[in-house]
Amino acid sequence: MNLLYPEFLWALLLNIVPIFIHLFNLQKHETIFFSDVSLLKSIEQKNKRKSELKNILLLISRMLLVSSIVIAFCFPYRKDDKLIDLANSSSMGIYIDNSFSMSRNNKNQSLLEAVKDDALKLIDNLPNKTKYVLTTNNKNENNLYTINKNEIKREIINIQYSPFNLRMSDLIEIQKEQFNGESINSFWFTDLQKNIFDLENKLINKKLGNINVIQYTSNSNNNISIDSVWFENSNREVNKNENLYIKVNNHSNNEIEFQTRLKINTDEVLNQSFNKVKSKEVKIIKFIYAVNSKGIKNGEINIISPQSNDLIFDDKYFFTYTISDKFKVVNIHEGVNKSNKSIQRLFESVEKTQFINIDIKNGYSSQDLNGDLIIINELSEISDKLINDLLKSNKKNNILFIPSLNKESRYNKLFKLINIKSSLLIESKVDLDLESIDLNFFKNIFSNYNENLDLPYFKNYIRFENTKNIKILAKFNSGDPFLSKYSFRNNDFYFLSSNLNLETSNFINHALFVPIFLRIKENSSNDLIKQISIDKLKSIELKSNVQQNGKIQITNGITDPTLSFFPLIRNNLGTSSAHIENKIESTGQYYILNEDSIIDGFSVNNDKSESNMKFLKKQEFINQMKNLDLENRIKYWNTKENSYPSIFTKKNNNLEYWIYFIYLAIIFLVLEIIIIKNIS
């Protein structure tokens, strides 16, 4: 048995009162005169013994009465073996999981509100001198110093839901820093969603105190969420129907009916559809729409009034894309090149595409290289100047490299720059291997084929030694790459291993020439959706090079924004990016301004891992702790089983004994009355 307020034991000194009464009664006597006392001698001895016994019993009962009352006020309780003795802790750590999954209800109360109530009970039952360290999922709001009882209660009451999610390893590292090397016991209030569990034994520092994990559960775990959105094609155009696809996930065991609403730029596009998704089903919803103007397009998708939906944070999805005026293709060649006309004819047939031919022999300017796709077409040599001019460009470059297959061609500088260690000219006829193509890159181009399909041939090609930055998009039947993609300094290089010369290949006259080149063009387009998960929000690449801070501004609205800040601009190898980590804490659409002119936009969405309604079960968690040899460091409690640490509440009859001492006090009081009345 333990005492919550042992300092009240000083009141046991009140037992001196019945002792004093007892001693006083011994001194009290009355003299009675009799003529003959011989007959009373035997009675005197008998009454004297009764009186002494009565006084002793009264003394004992009164002392027990006082002691019982004093111990009851000391609040005796049974110490649970699983709970670390925290009543005398001078410091305490408290983590409150305020992720969106804690918005689920249990007994008409959200889990977060239940956590707040229990955390306040815990604090009330700890000594006033205890200092606290509070941790939530908002990393940048976690203090590195202790606060007192009133301060932490105020902060707990004001905790709101957070779009961020802390893994257990992150939480331990944060609390290590907050505790400043001290060994502090802590309580974790959480629903133990499976996505947060990533513990390893090495992560638990010996200096870190014992952890009491208290799990909160809901009777209903139904949820439907928007997972992602994408366009069927990469190229966006005005007044042309777009096929937008939305992936919806049903995480529950019930079939759910719902409406999906699409909105583009407030009222430029308004569309909705009625859908039904089966239990655990992933459903793809298609919207067909067209916009009537160019510029930045802010899209918003909402799930409207779904039944049996316990989480609503993932019912809304934001996306942003831009429809630009022109897509510029720059074809850099050397003298007469018969493939130029075929390439020019292809791209000039594509709407809003500008095609420019540049003969390297006639020179060029830096403005000539300002294209969305730059084709280096069979140059005998790539000079240092051309490479430097490409890499110094103010924006990201997409470069298609078509080699000259002459043995005198020199590309050593470029190959060394992007870490191609060696190349070898192969003079052997090969065909394109259709089974080797990257289906994600060539989506909807090679969906069906047969063995008798006529494929383009190539009489010679360059064999590159692969590097770690390469992504092979298609191969020859020899196993060597035909089309590869390299990423270097934020630029994308597409490498053809052969060229378009009719003496080398029939590729330029083949049906596959057009879709392959258009797919490279589409993936080089700036029309792709700009959407970022809030947990991965660190920096945004800028379209143009910015040399100084204070010019770029990010806001969440054009008029009357509620968030506006000037990000730190970082320049690296000719590209600029805005550092925005810890600056944005809510989802929505954001604008990038350069001296009050809108230059770009992007959307921020919540972390989708919270949507998956999977939680650790009691035995599963306990087994994990045993496997990690942490069962003596991390204790588990479950509110669903009404399992709480005894220090949480003063109303747990199974653990608290003060009421029994009140009963004893009443018994001793009644006993005293009986002694007084019946022993004379």
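**Close-up views of a predicted model**

**View 1. Helix 6 crosses helix 9.** In this predicted model, the axes of helix 6 (residues 339–348) and helix 9 come within 11 Å. They cross at roughly 65°. The crossing of helix 6 and helix 9 is right-handed. Two packed helices are described by the angle between their axes and the distance between the axes.

**View 2. Residues where helix 6 meets helix 9.** Helix 6 brings Ser-342, Ile-343, Leu-346 and Phe-347 to the contact. Facing them from helix 9 are Phe-513, Val-514, Phe-517, Leu-518 and Lys-521. Sort these residues by class: seven are nonpolar, one is polar and one is charged.

**View 3. The largest nonpolar core.** This core holds 34 residues. Which of them touch the most other members? They are Phe-347, Leu-400, Phe-482, Leu-483, Phe-507, Ile-516 and Phe-517. Helix 9 (residues 513–523) gives the core its largest share, four residues. Look again at Phe-347 and Phe-517: both also take part in the contact between helix 6 and helix 9.

**View 4. A second, separate core.** Here 27 residues form another nonpolar core. Among them are Ile-332, Leu-379, Phe-464 and Phe-493. In soluble globular proteins, nonpolar side chains tend to be buried together.

**View 5. The protein chain around these close-ups.** The chain has 11 helices and 33 strands. Of its 680 residues, 49% count as buried. Take the contacts between residues at least 6 apart in sequence: 75% of them join residues at least 24 apart. The chain exposes about 35,000 Å², and carbon and sulfur atoms supply 48% of that area.

Methods
Residues numbered from 1 in each chain as written. Predicted model: local features only at pLDDT ≥ 70, side-chain atom pairs only at ≥ 80, totals over all residues. Heavy atoms only, no water. Core = buried A, V, L, I, M, F, W, Y, C linked by side-chain atoms within 4.5 Å. Buried < 20%, exposed > 50% of the residue type's maximum accessible area, 1.4 Å probe, protein only. Helix = DSSP H or I, 4+ residues; strand = E, 2+ residues; numbered from the N terminus. Axes fitted to C-alpha atoms, helices over the stretch in contact; angles between N-to-C directions. Left-handed = near helix turned anticlockwise from the far one by under 90°. Contact = heavy atoms within 4.5 Å. Nonpolar A, V, L, I, M, F, W, Y, C, P; charged D, E, K, R; others polar. Areas by Shrake-Rupley, 256 points an atom, 1.4 Å probe, with all protein chains shown as cover.
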